[in-house]
Amino acid sequence: MSGPATDAPATDAPATDAPERDTATRSDAPDAPPRRRYELDDRGFREVPKRWRKFYRVWQGDGDTLAPNEIICPVCKVVIRSVREFRAGDRVYCMPCMSRMVIVERADGTLEPEVTYERS
Ligand SMILES: [Zn+2]
C-alpha cells in the first residue's frame with residue numbers, strides 16, 4: 001500500500017444539502033427548548049455572494065446593539081447573523097474572512113465567539 005493516508009473522521013462533514021441555509025451549526029439536545037427564529041433582511045453587505053448577504057452586516061459602532069441571533073466576528077468585526085438565536089456550543093462560520101468559531105458563554109452569561117483553528 002502506498003499513497004497518502006487520509007484518515008479524516010467522517011463526522012463533522014459540511015452538509016451541502018442542508019434544508020436551511022445558515023451561518024451556524026447547531027447541536028441542540030432533543031429536549032432543548034426551541035430557539036427563537038428571526039427574519040433576516042439584506043443590509044447590503046456586498047463582500048459575500050448575494051444569497052448570503054442577509055447573514056452579515058457592518059457593525060455600526062457606538063449605539064449599535066446585537067440581537068440574540070447576532071455576534072461579532074472577532075477577526076474581521078463584521079456582524080454575523082443567524083436565522084435562530086445563538087447559544088453556547090454553536091459553530092459559526094464567517095464567510096467574509098473565512099474564520100470558524102464556536103460560541104462560548106462567559107461567566108456573566110453573555111455569549112462570545114471564540115475562533116477555532118481546525119485542520120482541514
Ligand atoms: Zn470574520
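This is a predicted model: local features need pLDDT of at least 70, side-chain atom pairs count only at pLDDT 80 or more; totals for chains, interfaces and linings use all residues.
Two strands pair if DSSP finds at least two bridges between them. Helices (H or I, at least four residues) and strands (E, at least two) are DSSP runs, numbered from the N terminus. The legends below use these terms.

View 1. Residues are numbered from 1 along each chain as its sequence is written. From the N terminus, the elements follow the order β-β-β-β-β-β-β. Residues are in contact when their C-beta atoms, placed from the backbone, lie within 7 Å. Of the contacts in the chain with a separation of 6 or more, 41% are between residues 24 or more positions apart.

**View 2. Four strands form an open sheet in the order β1-β5-β6-β7, with antiparallel pairing.** β1 (24-25) and β7 (111-116) stand at the edges with a single partner strand each, so one side of each has no neighbour in the sheet. Strands of a sheet pair through backbone hydrogen bonds, either parallel or antiparallel.

**View 3. Strands β5 and β6 form a hairpin with 4 residues between them.** β5 covers residues 91-94 and β6 residues 99-105, and the two pair in the antiparallel sense over 4 bridges. Tyr93 has Arg100 of β6 as its bridge partner, and Arg91 stands opposite Val102 in β6. In the turn, Met98 has a positive phi of about 60 degrees.

**View 4. Strands β6 and β7 form a hairpin with 5 residues between the strands.** The two strands run antiparallel and are joined by 6 bridges. Val102 has Glu114 in β7 as its bridge partner. Gly109 in this hairpin takes a positive phi near 90 degrees.

**View 5. The largest nonpolar core has 11 residues.** A nonpolar core is a set of buried Ala, Val, Leu, Ile, Met, Phe, Trp, Tyr and Cys residues joined through C-beta atoms within 7 Å. A residue is buried if 20 or more other C-beta atoms lie within 10 Å of its own, exposed if 12 or fewer, and partly exposed in between, with C-beta atoms placed from the backbone. The members of this core include Ala24, Phe55, Ile71, Phe86 and Met101. β4 (78-81) and β5 are the elements that give two or more residues to this core. Leaving aside residues up to four places away in sequence, Val78 touches Tyr56, Val58, Trp59, Cys73 and Pro96. Across the chain of 120 residues, 15% are buried.

How values were computed. Two residues are in contact if their C-beta atoms, placed from the backbone, lie within 7 Å.
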